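Please look over the sequence and the structure shown below before reading on.

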Amino acid sequence: MDTLIRIFRSRKLALSDPPDRSPALPHMDSPMKPAMVYSSPSLLQLLPAEIIYEIFSFLRPLDLVNLSSTSRLLRAHALNDTHWAKFVRENVPHQPGLHYDPAQSWRHLYTSLHPYWFLTKNKIWFSDKAHTGSFMVGTLVLARYDARRGCIEAYRLVAKHGTHTFESWDWKPEVIIHTFNPKVDLYLDDPLVKIDMGLHEHKRAVEEIMMDTGASRGIKAMISLCHGIPPERQDSSMSLWPPKIIPAKERARNVSQNLFCGDEHKPKRLAEVSDYCFRRRQWVEFGGHGAPLGAHVGEDVTTFGTLLEESYTPTKERPWQGIWVGDYSGHGCEFLLVIQRDVDWTIGPPKSSFSWPGWETFYDAKRKAGAPRRVGPGEDGSCIGRVEAIKLTGDINVPRGEYTWIAEDIGPDGLLRIANEQMFQGARVVRSLGHSAARGFKSGKRSVGLRYTQSD
């Protein structure tokens with residue numbers, strides 16, 4: 001893009017912004033307003049149409065918008081709907097046969113929902129609070145594009161226990177094994193996020209916009225874009241979401257005394273907007289729908305972060321990775337992120353309060369033995385390395401964003417025995433660490449226990 005702009009400037013084409021500052025946010029449907037008419041065409045315009053098309057196929061949406069304001073010929077190329085169909089489809093994965101209806105064209109569809117396509121591209125989002133405002137619980141949501149209505153929506157994922165069975169454990173008869181068959185669904189009655197085409201038509205692209213959610217219960221909600229804080233700028237004193245134990249490309253602040261109303265929390269240009277975090281502002285309004293003077297109470301802001309696809313996608317080397325459902329008895333079903341991490345034994349235990357007796361000795365032994373640092377298959381065909389289970393949704397004892405259990409090494413070094421009881425015949429029993437706490441996440445306890453993995 002910089003090369004193309006230099007070509008135009010070499011022909012003395014006056015662009016709308018001086019060279020020493022970044023361009024202002026364009027409205028993606030604004031008509032062409034060339035700043036100056038020149039007699040001779042640029043070098044780019046002398047190229048064959050198919051070459052110009054190929055060049056434009058490498059550009060991003062805002063690049064095409066900028067070029068469309070330079071000349072009528074390049075505007076015609078920039079409006080080619082094939083380019084805009086690609087932009088939509090790369091943000092709406094796993095929807096074959098997608099059409100631009102009910103929009104007028106692919107470009108119209110893309111610009112009508114810009115800049116919120118990152119919601120569908122990243123798909124899975126989890127929050128620092130529940131939709132009820134509880135800090136402990138959190139919410140897991142799935143974002144999607146509804147081609148029938150032409151809108152972006154995000155719904156809560158919910159899980160029910162399903163059927164239960166209770167069996168006595170042959171190896172330890174005093175222990176009762178509790179199984180369950182969870183049913184996972186989207187709660188479609190009320191979306192947490194709903195962005196209709198043209199909803200922000202008369203607003204700047206980075207402003208908060210009102211959403212049509214929860215109106216039947218008097219709940220009003222707005223979505224706001226936010227700054228992302230890259231790893232090199234993160235500090236231990238910051239309250240950030242997602243928490244640092246969950247892999248993330250960017251994190252955002254999730255605590256603000258003014259509920260993120262200050263200008264310092266709002267991006268001013270699209271280049272400052274994070275594709276990995278957003279916020280949802282919610283309040284209750286009394287007085288009836290459309291009432292001019294209603295009571296505005298209970299305002300709260302929830303911060304959402306996304307999960308990196310590589311952190312929950314299972315592979316041959318990391319077969320246990322994924323988003324799992326756990327049965328937490330009276331707390332109900334909770335969603336967990338199970339990660340298999342690379343571990344460098346030479347730097348000692350991970351910096352965490354979640355530890356168990358003998359942790360340091362365990363690491364020292366691994367380091368002296370020259371144990372492998374990466375996850376993957378071991379010499380006996382079993383997986384090796386560290387497995388962590390982190391709560392994506394929590395409860396009043398152990399909240400979201402905290403470890404629920406860790407198996408430090410599921411390979412030969414962590415192996416306790418091969419199960420021979422009928423219930424777990426042939427399964428590998430490895431040492432693990434569970435997390436429990438009193439209400440309010442107080443007096444957290446760590447207990448060494450057993451965990452079973454399949455033998456193949």
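This is a predicted model: local features need pLDDT of at least 70, side-chain atom pairs count only at pLDDT 80 or more; totals for chains, interfaces and linings use all residues.

Residues are numbered from 1 along each chain as its sequence is written, and side-chain values use heavy atoms, with hydrogens and water left out.

The mean pLDDT of the chain, where pLDDT is the predictor's confidence in each residue from 0 to 100, is 80, and 74% of the residues reach 70 or more. Over residues 3-27 pLDDT stays under 50, and the model has 44 contacts (heavy atoms within 4.5 Å) beyond four places in sequence for them. Residues 29-38 also have pLDDT under 50 throughout, with 21 contacts beyond four places in sequence.

A pair of aromatic rings is described by the distance of the centres and the angle of the planes. The structure holds 12 aromatic pairs, counted where rings of Phe, Tyr and Trp (its six-membered ring) have centres within 6.5 Å, with planes under 30 degrees apart called stacked, over 60 edge-to-face and the rest tilted.

| Pair | Centre to centre | Angle between planes | Class |
|---|---|---|---|
| Tryptophan 84 and tyrosine 110 | 5.7 Å | 55° | tilted |
| Phenylalanine 87 and tyrosine 110 | 5.8 Å | 50° | tilted |

The pair of tryptophan 84 and tyrosine 110 links distant parts of the chain, helix α5 (residues 81-91) and helix α6 (residues 106-113), its members being 26 residues apart; helices are DSSP runs (H or I, at least four residues), as are strands (E, at least two), numbered from the N terminus. Phenylalanine 87 in α5 and tyrosine 110 in α6 are 23 residues apart. Tryptophan 84 counts as buried because its relative accessibility is 1%, buried meaning under 20% relative accessible area, exposed over 50% and partly exposed in between (1.4 Å probe, protein chains only). Tyrosine 110 is buried at 7%, and phenylalanine 87 is buried at 0%. Ring pairs join Trp84, Phe87, Tyr110, Trp117 and Tyr145 into a cluster.

The charged end of arginine 107 sits over the ring of tryptophan 84, 5.4 Å from its centre, the criterion being NZ of Lys or CZ of Arg within 6 Å of the ring centre and within 35 degrees of the ring normal.

Strand β1 (residues 124-127) is covered on both faces, with Ile124 and Phe126 buried on one side and Trp125 and Ser127 buried on the other. β1 pairs with strand β2 (residues 140-146) in the antiparallel sense over 3 bridges, pairing requiring that DSSP finds at least two bridges between two strands. Phenylalanine 126 stands opposite leucine 140 in β2.
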